[in-house]
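Colleague: Could you take a close look at the pockets of this model and describe how they are lined?

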Amino acid sequence: MSPEHLGPDGSVEGPASAAGGQAGEAGFFGWRTVTAQGVDTVIRPDERLTWPRTVGIGLQHVVAMFGATFLVPALTGFPPATTLLFSGIGTLLFLLITRNRLPSYLGSSFAIIAPVGAATASNGQSSALGGIVIVGALLVVIGVIVHLAGTGWIETLMPPVVTGAIVALIGLNLAPNAKENYEQGAVTATVVLVLLIAAIVLFRGLIGRLAIVISVVLGYLFALIRDEVDTSAIASARWVGFPDFQAPSFHLSVIPMFLPVVLVLVVENIGHVKSVGMMTGIDYDKRIGRALAADGLATMLAGSGGGSATTTYAENIGVMAATKVYSTAAYWVAGTAAILLGLSPKVGAVIDSIPPGVLGGVTTVLYGLVGIIGIQIWVSNGVDFSKPINQFTAAIPLIIGIANYERAVGDVQFGGIALGSVAALVIYHVMHFVGGWRGTAGVPQR
């Protein structure tokens, strides 16, 4: 779609689709109905298929987000049903704040796993929830600034070499956690790992994109056969009921652990919004501030009740790429379905029963992939590692993060992720300033 279809506020305007579109109701929920769909027909954000088909697409989004979303509470100890509930609520909130024109799903962020584990160990799970609330509040502030001033200042503060290093070190810092789970059920973990790779190489399209879910489900069944699953809580859990809620508590010593997460969520959200823009042909730059603020509010809400921090999900962007259906109506279906799943304690009990071996197999891949995303940021932005400024900005933080350097300042404990993130920012900007003055470190002299 070309920019001439945009209204003055960035919303999609224009005639109904030539593929059988009919004029829908005007207003916030005024999707135009597309009754005919060919293989190459693109369904725009302000359009929808018939409701039965829209529900089907929405449920595909639920399946796509489910694998990664439930793994976060499984790994952090948060109640899975609570996380699913707030994931659905957060998605609907996101759609409202972005004026129902930016198709995205808010699932659990992997960036919070390491700081949640550290905070829980030192001050209890409620302190981790407090850290998540702080992350959300800061994201809201950044969203408001971006809405007013644009994203240029973010690109200046965090150029690709810095953002790539921070994202990479967060994933690689989690390697010991994957190893710990793997060793508790090495046979099952290996089977899950093999199944995940097999699903990717054997299947095309949507099934291939659901490799995580497929490997976890089959791995769970394999673990059941090996008597590695405790199913006692599943039988006693109710089918319908409210999940467990927990209030946050706030500790100064916990906050530094979570600050790098804010940077990662900013990078993720901007990247995902731009990806949706590329696929739809719609310029969403003016909605980036709204998207950041919406994710921040959803994260604050989740942390206030016992859920995980949220982020826009690449898995669901993949579903849109496969189906060419970008309708926000499908995301209303997905968000509502997630809320209903969150209101089933039995679903939460099943997720809680996933054994360490299954988690160890899948996280060996997922944590590594988080690290690879950081490297992809370098590659896609053409970061030149022949220049010392880029070499040192990446090398030192990676070692700090992987080895998990720690430093206490009074009662405040800084772990590898916080120290590595600070190092990336400081090293880059100091070398850029001095190198620009002296004409060294690969920086052109000013």
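Modeller: The model is a predicted one, and the values below are computed from it. The largest pocket has a volume of about 1,600 Å³, and its lining is made up of 50 residues, with Glu268, His272, Ala314, Ile373 and Gln376 lying nearest the centre. Helix α12, which covers residues 255-280, contributes the largest share of that lining, namely ten residues. Sorted by class, the lining of the largest pocket holds 30 nonpolar residues, alongside 15 polar and five charged ones.

At least two lining residues come from each of α1 (51-76), α3 (113-123), β7 (412-414) and α19 (416-438), and the largest share, ten residues, is supplied by α3. By class, this second lining divides into twelve nonpolar, twelve polar and two charged residues.

Turning to the helix, α8 spans residues 186-202, and its 17 residues reach 24 Å from the first C-alpha to the last, close to the 24 Å expected at 1.5 Å a residue. Within α8, the residues Thr188, Ala189, Val192, Leu196 and Ala199 are buried; viewed down the helix axis, the buried residues of α8 fall within an arc of 100°, so they line one face of the helix. The face of α8 turned away from that buried side carries Val194, Val201 and Leu202, which are exposed.

Conventions:
Residues numbered from 1 in each chain as written. Predicted model: local features only at pLDDT ≥ 70, side-chain atom pairs only at ≥ 80, totals over all residues. Heavy atoms only, no water. 1 Å grid on protein atoms, 1.4 Å probe; cavity = no way out; pocket = protein on both sides within 12 Å on 5 of 7 lines; lining within 4 Å. Points joined across faces, edges and corners; volume = space filled by probe spheres on them. Helix = DSSP H or I, 4+ residues; strand = E, 2+ residues; numbered from the N terminus. Nonpolar A, V, L, I, M, F, W, Y, C, P; charged D, E, K, R; others polar. Expected span 1.5 Å × (residues − 1). Buried < 20%, exposed > 50% of the residue type's maximum accessible area, 1.4 Å probe, protein only. Arc of directions from axis to C-beta.
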